[in-house]
Amino acid sequence: MKWIEKKMGLFTLRYSPYTLELKHVFTVASFSRKTSPVILVQLEMDGVVGLGEASMPPYLGESQETVIAFIEKIDLSSFSSPFQTEDIISYIDSIDQNNTAAKAAIDIALHDLMGKLLDMPLYKLWGYNPHHIPPTSFTIGIDTEEIIIQKVKEATNFKILKVKLGLHTDKMIVETIRKVTNKPLCADVNQGWKDPKEALEMAHYLSEKGVEFLEQPMPKEQIDDLAWLTQNSPIPIIADEGCQRLDDIAQLKGVYSGINIKLMKCTGLWEARKMIQLAQGLDMKIMLGCMTETSCAISAAAQIAPQVDWVDLDGALLIKNDPYIGMQVKEGLCYLPDAPGIGLQ
């Protein structure tokens, strides 16, 4: 792995492009892919290295090139300590209006660095109990009946499955899964449905099939339709593409039952923790999700997992070339390393 280095006062920032190879072709309502581009990041001070990652799924509009261009604009030489967290995060956010995954990479590396300097896992630093982490779901992408059965069998140890929907094959997928298992499901439509009445019919159908909640069933622009669906649905409706950052949450009360927080959407741990507090204050459900990521970003997200209602942190389990070892999943349960920062090896 080739690292490009920038020295900035007390800090040294390194980054390296990396391509994740998926175990299966990953298909959702709007696209399919076999690989996922990421940028791995290191932030060093006094010989201590914090690790970070930017993962760029197609819908975020970022690429390795845009992340590198963003990183090249960063200059941390005016900061004398990584513990000037709010100032550093505010500065990073001010560089560009978008680039949330690039910002998340720096945020994760900064938090990992702070935890290592304090010799403490972040979840302990924040007072979170790792035994409160909900079981993580395992994602079953849109596929043929044969491959779906294979994927479900591979997920034998998981207590809840996440099924991708949004095409004409929706009922076939659910019925196929139900031939193999009666485990609880959650469904992610990735904005694939357009008609609210049909969406409500599907919500009732999915409820009868043991689906616990429905994620982003319609395009995020259909605010009134989503609010109507949320009001009438037998299961909770969760915003994914419809909720990116902290400022989105207040206006989503009543439109959705809850939100899906992802570090790559919200610029990292600093803002994610604020989003959790606000959503809890508004009595909204909270899901903690991920992109296709290495154990770096997954282990970072897992630090705040004790604070949420549902967890979907299987991103590193879907790839075959993870360069790190971090949070472990056993029998569908998440186990955080008792190691400083985000706990990566």
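**Entry 1: overall size**

I started with the radius of gyration. For 345 residues, a compact globule would come out near 20 Å, and this protein has 20 Å, so the two agree. I note here that the model is predicted. Next I looked up the box around the C-alpha atoms. Along the principal axes, they fill roughly 60 × 40 × 40 Å.

I then checked how much is hidden. I found that 58% of the 345 residues count as buried. The accessible surface comes to about 13,800 Å². Carbon and sulfur atoms account for 49% of that surface.

**Entry 2: elements, contacts and charges**

I looked up the helices and strands. The protein has eleven helices and 14 strands. I also looked at contacts between residues at least 6 apart in sequence. Of these, 68% join residues at least 24 apart.

Then I looked at charge. There are 33 positive side chains and 45 negative ones. The centres of the two sets lie 4 Å apart.

**Entry 3: the annotated binding site**

Which residues does the UniProt annotation "binding site" cover? The unreviewed entry gives Asp 188, Glu 215 and Asp 240. I wondered why they can be said to gather at one spot. They span 53 residues in sequence, yet no two of their C-alpha atoms are more than 8.9 Å apart, so they do gather at one spot.

I took Asp 188 first. I found Asp 188 in strand S7, which runs over residues 185–188. Is Asp 188 buried or exposed? Its relative accessible area is 0%, so Asp 188 is buried. I set aside neighbours within four places in sequence and read off its contacts. Asp 188 touches Glu 215 and Asp 240, and also Lys 162, Val 163, Lys 164 and Leu 165.

Glu 215 came next. I found Glu 215 in strand S8, residues 211–215. Its relative accessibility is 1%, so Glu 215 counts as buried. Beyond neighbours within four places in sequence, its contacts include Lys 162, Asp 188, Asp 240, Asn 260 and Met 287. I noted that Lys 162 is on the contact list of Asp 188 and on that of Glu 215.

**Entry 4: the annotated active site**

The unreviewed UniProt entry lists Lys 164 and Lys 262. I placed Lys 164 in strand S6, residues 161–164. At 6% relative accessibility, Lys 164 counts as buried.

**Entry 5: a loop residue**

Where is Gln 191 found? I traced Gln 191 to the loop between S7 and helix H7, residues 196–208. Leaving out neighbours within four places in sequence, its contacts include Gln 216, Pro 217, Met 218 and Glu 241. I also compared Gln 191 with Tyr 18, 173 residues away along the chain. Their C-alpha atoms are separated by 29 Å.

For "domain: Mandelate racemase/muconate lactonizing enzyme C-terminal", the unreviewed UniProt entry lists residues 145–236. The end C-alpha atoms of this span lie 27 Å apart. The span is 48% helix and 14% strand.

I picked out helix H6, residues 170–180. Which of its residues are buried? I wrote down Asp 170, Ile 173, Val 174, Thr 176, Ile 177 and Arg 178. I recalled that an α-helix has 3.6 residues a turn, so residues three or four places apart point the same way. Finally, I checked what covers the buried residues of H6. The cover includes helix H5 (145–154), S6, S7 and H7.

Note on methods:
Residues numbered from 1 in each chain as written. Predicted model: local features only at pLDDT ≥ 70, side-chain atom pairs only at ≥ 80, totals over all residues. Heavy atoms only, no water. Helix = DSSP H or I, 4+ residues; strand = E, 2+ residues; numbered from the N terminus. Rg over C-alpha atoms; globule rule 2.2 N^0.38 Å. Buried < 20%, exposed > 50% of the residue type's maximum accessible area, 1.4 Å probe, protein only. Contact = heavy atoms within 4.5 Å. Areas by Shrake-Rupley, 256 points an atom, 1.4 Å probe, with all protein chains shown as cover. Lys, Arg positive; Asp, Glu negative; His and termini not counted. Charge placed at Lys NZ, Arg CZ, Asp CG, Glu CD. UniProt positions renumbered as here; feature names shortened; annotations may be inferred.
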